[in-house]
Amino acid sequence: MIHAQALTKRYGAKTAVDDIDFTVKPGQVTGFLGPNGAGKSTTMRMIVGLDRPTHGGVTVNGKNYAEHRAPLREVGALLDAKAIHTGRSAYNHLLAMGATHGIGKARVNEVIGLTGLESVAGKRVGGFSLGMGQRLGIAAALLGDPATLILDEPVNGLDPEGVMWVRRLARQLAGEGRTVFLSSHLMSEMALTADHLIVLGRGRVIADAPVADILSGSTRTAVRLRSPRAEQLAQLLQGPQVSITTTEQDLLTITGLSAETIGDAAAGAGIPLHELTPVGASLEEAYMDLTQDDVEYHAGTTTTEGALR
Amino acid sequence: MSAATAVYTTPNASGLSAAGIVRSEWIKLRSVRSTIWAFAIVIVTSVGIALLMSTTAYFGEEAIPADLQTSIVAQASTFGVYFGQLVMAVLGVLVISGEYGTGMIRSTLTAVPRRIPALLAKAVVLFASSLLVGLVSVLASYLVAAPILGNLGITAEVDGVFIGNLLLASLYLALTSVFALGVGTALRSSAGGIAAALGIVLLLPTIVSAIAGFTGAQWAADISPYLFSNAGSGMYTGGEFEQWQFALIVVAWTAASLVLGAVLLKRRDA
């Protein structure tokens, strides 16, 4: 259980996290979404006391992280796969981390096995790929067999098999009644892994709801159609509630009208249709809806209307 | 995707302990190459310098007084400390700056969120291992130099004072590494930390003595024995003050640097 109250972090004049409240509950996977610079990593760092909040606070299982008798047994955190000395072997890294809490070789070997690092455990971490670094970070997070796991971009750099593994692991840990809080920039990943979403934009919580609610709340139910006379059809369909975008010459994406209405209108005007597809809102689109005004760094000229969808 | 009925609770197993944190820092210190290299260099250069000094010594035909003989042997045994202090200063900085450089510090402070115990454990482990390495290098240097000088008719009177000086030389090496640890903690970077630590250990006495020499400024001559490395060599060779007073000066420098490091470590975001 993670509980943030009026949590605020300012760096000089810049507010990274702006007076946010949220609760991450045990027994489910909670996803933490937001564009770059939204404050996700800062929030996660404040949970484990690496950054000090400017105002407010955050507790884990009722206490500040630093006040726990055995912090690594309360919270396992993967905040940065590169938070490891490159000159040390994976085995010695885990042994040193565990030693602080009296966690010995047996558990170290267990988490090495759990994360599939047996063959590289004796090698120096400097030569690790990003994926192996992530596995080692997850191994370190699991060392204390903690009730709460905080994973910042855990699938970053993993191969498809690794991604599947993290997904299963997160679900399994939540299934055991643990609190699992993970951030990812991959919305599709969240749709498959998370039960609940907290969406952050410019340091504020813009949504805090079950994944299903966020999906159904999206306004983006669109219809895609292809026609040799697309331009003519677009003029015919125009209306106050209707938005039409063109990404290719023959292709229209229409929101505000149902597929039936469009098909009937085309038939009535004798315009042939080569494709007519209702496109359900994906989590990605729902997310874009939520964060559109909150993206801190717009991607310059390449972000056209079409690309945003 | 149904919520589990049972809430997982943390088993009531072992938690943070001072012994555990010290053990962790010991594993960290012994498992990187820079430590092994630094300690090996301290011992090898100290023995090498002792060998060089004793084999090239020439004292003429006249008889040498007994206390001068003892001091020659002591000097041959501890001369390596001048070089060893530089290596210990670099190692002391690297022990913490290496963690900032690689990001390891975030893992360390996640495991020990109160932070100060982690720094103290580093200091304890560094002090103990540097002291041991200092003792080994000074003792090995003595064992190499004594028989060679003995052939030249120069023998030390191995009494409490002689042994005490060898111990104090080792103690100075150990304090140097801990002093540098504080500097590295305050500056957080290997380049900056090493520059600052070596600046204080190596450069500051030279600059102050140059000022005293060129300008004849009395204040420069007055502060000279209080400088870190001047007080350090005073610990085992004596000088303006008693040896224990020199030791106190070095301890004060070390404590000040460690307190500065601790305050900044506690206050700053990691």
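This is a predicted model: local features need pLDDT of at least 70, side-chain atom pairs count only at pLDDT 80 or more; totals for chains, interfaces and linings use all residues.
**Chatting through chains A and B**

Biologist: Let's switch to helix α4 of chain A. Which of its residues are buried?
Modeller: That helix covers residues 105-114, and its buried residues are A:V108, A:V111 and A:I112.

Biologist: Why do the buried residues of α4(A) line one face?
Modeller: Looking down the axis of α4(A), the buried residues fall within an arc of 105 degrees, so they line one face of the helix. As background, an α-helix has 3.6 residues a turn, so residues three or four places apart point the same way.

Biologist: Nice. What's exposed on the other side of α4(A)?
Modeller: There you'll find A:A106 and A:G113, both exposed.

Biologist: And what covers the buried residues?
Modeller: The cover for the buried residues of α4(A) includes α3 (90-99) and α5 (130-142) of chain A. Just after α4(A), A:G116 has a positive phi of about 70 degrees.

Biologist: New topic: how many residues of chain B are in contact with chain A?
Modeller: On chain B, 39 residues are in contact with 44 residues of chain A. The chain B elements giving two or more residues to that side are α1 (18-30), α2 (33-55), α4 (81-102) and α5 (104-111).

Biologist: What's that side of chain B like by class?
Modeller: The side of chain B touching chain A has 18 nonpolar, 14 polar and 7 charged residues.

How values were computed
Residues are numbered from 1 along each chain as its sequence is written. Chains are lettered from A and ligands numbered from 1 in the order in which they are written. A residue is buried if 20 or more other C-beta atoms lie within 10 Å of its own, exposed if 12 or fewer, and partly exposed in between; C-beta atoms are placed from the backbone. Helices (H or I, at least four residues) and strands (E, at least two) are DSSP runs, numbered from the N terminus. The arc is that of the directions from the helix axis to the C-beta atoms. Two residues are in contact if their C-beta atoms, placed from the backbone, lie within 7 Å. Ala, Val, Leu, Ile, Met, Phe, Trp, Tyr, Cys and Pro count as nonpolar, Asp, Glu, Lys and Arg as charged, and the others, Gly among them, as polar.
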